[in-house]
Amino acid sequence: MSEKTLFQQIIDREVDADIVHEDDRCVAFHDIDPQAPTHILIVPRTPIPSLDDLAPEDKDLVGHLFVVARELAQEEGLDGGYRTVINCGDDGGQSVYHLHLHLLGGRPFSWPPG
Ligand code: 5GP
């Protein structure tokens with residue numbers, strides 16, 4: 001059995017996904033169970049398990065994920081706004097333990113989240 005995370009398998013093209021962006025630091029693909037008309041996951045190539053595992057040297061990488069989110073939001077035409085989410089840990093609703101930034105858009109979102 002593979003010890004790679006699901007998202008690492010997507011990055012390595014062992015599991016299919018609809019990839020919309022990739023560069024030397026991250027890969028972005030459509031969520032398999034979209035919660036909005038646009039729902040893209042932006043995933044670092046480095047398999048950091050969660051936000052709780054970030055080290056100070058990861059700050060440029062995390063900033064890069066957000067810059068990619070902004071670029072993808074523009075490509076998706078999310079002119080009215082959008083939401084970015086990083087779920088962390090069980091209480092945060094994280095289900096895949098490979099750090100990822102959700103980019104959601106194409107409909108209004110309420111607050112507080114569920
Ligand atoms: P989390 O709950 O960890 O914040 O987000 C994990 C996300 O991964 C969920 O929104 C879920 O729908 C998505 N997901 C789970 N399995 C797959 C898959 O095999 N392919 C893709 N593209 N997304 C997946």
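Start by selecting H100, which is placed in the loop between strand 4 (82–85) and strand 5 (101–105). Helices (H or I, at least four residues) and strands (E, at least two) are DSSP runs, numbered from the N terminus. The model is predicted, so local features need pLDDT of at least 70 and side-chain atom pairs count only at pLDDT 80 or more, while totals for chains, interfaces and linings use all residues. Residues are numbered from 1 along each chain as its sequence is written, and side-chain values use heavy atoms, with hydrogens and water left out.

**Stop 1**

Is H100 buried or exposed? H100 counts as buried because its relative accessibility is 7%; buried means under 20% relative accessible area, exposed over 50%, and partly exposed in between (1.4 Å probe, protein chains only). Now show the residues that H100 touches, not counting those up to four places away in sequence: F7, L41, I42, V43, V85, I86 and Q94. Contact here means heavy atoms within 4.5 Å.

Next, follow the side chain of H100 to the backbone oxygen of H98, which it reaches at 2.7 Å. A polar contact is a pair of N or O atoms within 3.5 Å; within protein, one must be able to donate a hydrogen and the other to accept it, and residues adjacent in sequence count only if both atoms are side-chain atoms.

Select H98, also placed in the loop between strand 4 and strand 5. H98 is buried because its relative accessible area is 0%. Leaving out residues up to four places away in sequence, H98 touches T5, F7, Q8, I11, V43, P44, R45, T46, P47, I48 and P49.

**Stop 2: V96**

In the loop between strand 4 and strand 5, select V96. V96 has a relative accessible area of 17%, so V96 is buried. Then select S50: 46 residues along the chain separate S50 from V96, and their C-alpha atoms are 8.8 Å apart.

**Stop 3: the ligand**

Select the ligand, which sits in the largest pocket. On a 1 Å grid over the protein atoms alone, a pocket is an open set of points with protein on both sides within 12 Å along at least five of seven lines, whereas a cavity is a set of points where a 1.4 Å probe fits but cannot get out; lining residues have an atom within 4 Å of a point. A molecule sits in either if more than half of its atoms lie within 2 Å of its grid points.

The elements that give two or more residues to the shell around the ligand are helix 1 (6–11) and strand 2 (26–30). Helix 1 provides the largest share of that shell, three residues. How many residues surround the ligand? There are 16, the closest being H30, D31, N87, S95 and H102; a residue is near a molecule if one of its heavy atoms lies within 4 Å of it.

Polar atoms to pick out here:

- D31: an N or O atom in its side chain is 2.5 Å from an oxygen atom of the ligand.
- I32: a polar backbone atom is 3.2 Å from a nitrogen atom of the ligand.
- H102: an N or O atom in its side chain is 2.8 Å from an oxygen atom of the ligand.

**Stop 4: A69 in helix 2**

Move to A69, in helix 2 (residues 59–75). A69 counts as buried because its relative accessibility is 1%. A69 touches I42, T84, L101 and L103, not counting residues up to four places away in sequence. From A69 to T84 is 15 residues in sequence and 7.8 Å in space, C-alpha to C-alpha.

**Stop 5: two backbone details**

Select R13, in the loop between helix 1 and strand 1 (19–22). Phi of R13 is near 65 degrees, a positive value in a residue other than glycine. R13 counts as partly exposed because its relative accessibility is 48%.

Finish at P112, in the segment after strand 5. W111 and P112 are joined by a cis peptide bond, with omega about 5 degrees.
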